[in-house]
Amino acid sequence: EVYLSTKNLSFTYPDGTHALKNITLEIKKARKVAIIGPNGAGKSTLFSHFNGLTEATSGTIELDGETMKYDKKSLLEVRQKVGIVFQDPNDQLFAPTVKEDVAFGPMNLGLSYEEVEKRVDEALEMVEMIEFKDKTPHHLSGGQQKRVAIAGIIAMRPEIMILDEPTAGLDPAGVEKVLTILNNLNKEGMTIVISSHDIEMVNEFADEIFVLSNGEIIANGDKHEIFSDK
Ligand code: ADP
Ligand code: ADP
């Protein structure tokens, strides 16, 4: 069952850069998907289309059976379904304490105080950061910050989580922790999409891989199809 798909998606920045060229892809429900490709390939631009932050120059996106629309009400629905974790936690963490940071998203969903508190605790337990709930995010290590940023998205209970370079800059233990979290979320049925240029990690983690180069999908398949020597 396809959860998120694009059809002939193209995007050109105002300065004329053709960042995405005719991208057609399908992401199936509850899969672990990786988009790989060098810097500048278009991964971040593609991701910002997945939650409606950027509107395609041409082409369409389908999310959960519906063509994406860009009015305020439709975008609110999209952002409840699609959670995005940015590459740099500093783009995401800005509250004075960890628990307030994680509470920010669910509070904006208009949930009750009790429900927000419950979700914050659950999410922080899941990423093993509960004992840091009253600490300042900026005093944490990079790996800890990454896990807090992920907790903030978990607490919104999205159906699909998109993570831009989730393991970049982490030590091996930090990478393992993040992958364990993502695998656990996936086991509960969440669709996970990551971007990375860490081939070894992707080979271990992903069910399905798309190779993006220069704004185009140049290969797609499971890890055997993508990484085996031909
Ligand atoms: P990746 O995430 O794979 O590194 P990006 O999506 O960031 O790739 O970039 C794709 C292309 O679009 C690159 O050529 C990049 O230089 C260009 N680009 C990214 N952001 C902008 C922008 N705001 N204005 C113009 N060009 C941009
Ligand atoms: P309630 O307490 O009313 O049952 P929840 O807080 O458990 O509601 O869930 C709220 C919404 O989030 C529901 O639509 C539920 O389907 C969804 N949801 C709950 N857990 C997850 C999860 N792990 N991944 C994705 N969506 C979830």
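How far does a backbone N or O atom of glycine 42 lie from an oxygen atom of ligand 1, and what is the distance in Å? The separation is 3.0 Å, a polar contact in the sense of a pair of N or O atoms within 3.5 Å, where within protein one atom must be able to donate a hydrogen and the other to accept it, and residues adjacent in sequence count only if both atoms are side-chain atoms. This is a predicted model, in which local features need pLDDT of at least 70 and side-chain atom pairs count only at pLDDT 80 or more, while totals for chains, interfaces and linings use all residues. Residues are numbered from 1 along each chain as its sequence is written, chains are lettered from A and ligands numbered from 1 in the order in which they are written, and side-chain values use heavy atoms, with hydrogens and water left out.

**Ligand 1**

- The residues around ligand 1 (one heavy atom within 4 Å) are Tyr13, Asp15, Thr17, Ala19, Pro38, Asn39, Gly40, Ala41, Gly42, Lys43, Ser44 and Thr45.
- Helix H1, residues 43–50, supplies the largest share of this shell, three residues; helices (H or I, at least four residues) and strands (E, at least two) are DSSP runs, numbered from the N terminus.
- An oxygen atom of ligand 1 lies 2.7 Å from a backbone N or O atom of glycine 40, and a polar side-chain atom of serine 44 lies 2.6 Å from an oxygen atom of the ligand.
- On its own ligand 1 has 560 Å² of accessible area, of which the protein covers 62%, with areas from the Shrake-Rupley method using a 1.4 Å probe and, for residues, only the protein chains shown counting as cover.

**Ligand 2**

- Around ligand 2 stand Glu115, Arg119, Arg157, Pro158, Glu188 and Met190.
- That shell divides into two nonpolar, no polar and four charged residues, where Ala, Val, Leu, Ile, Met, Phe, Trp, Tyr, Cys and Pro count as nonpolar, Asp, Glu, Lys and Arg as charged, and the others, Gly among them, as polar.
- An oxygen atom of ligand 2 is 2.7 Å from a side-chain N or O atom of arginine 157, a polar side-chain atom of arginine 119 lies 3.3 Å from an oxygen atom of the ligand, and a nitrogen atom of the ligand is 3.4 Å from a side-chain N or O atom of glutamate 188.
- The protein buries 38% of the 560 Å² that ligand 2 exposes when taken alone.

- Isoleucine 160, in strand E7 (residues 160–164), counts as buried because its relative accessibility is 0%, where buried means under 20% relative accessible area, exposed over 50% and partly exposed in between (1.4 Å probe, protein chains only).
- Contacts of isoleucine 160 (heavy atoms within 4.5 Å) include Tyr3, Leu4, Ile27 and Met190.

- Serine 10, in strand E1, is buried at 17% relative accessibility, and its side chain reaches the backbone nitrogen of asparagine 22 at 2.9 Å.
- Asparagine 8, also placed in strand E1 (residues 2–12), has a positive phi of about 50° although it is not a glycine, and is partly exposed at 37%.
- Asparagine 214 lies in the loop between strand E9 (208–213) and strand E10 (216–221), with a positive phi near 55° and an exposed relative accessible area of 52%.

Notes
Lists of a residue's contacts leave out its neighbours within four places in sequence.
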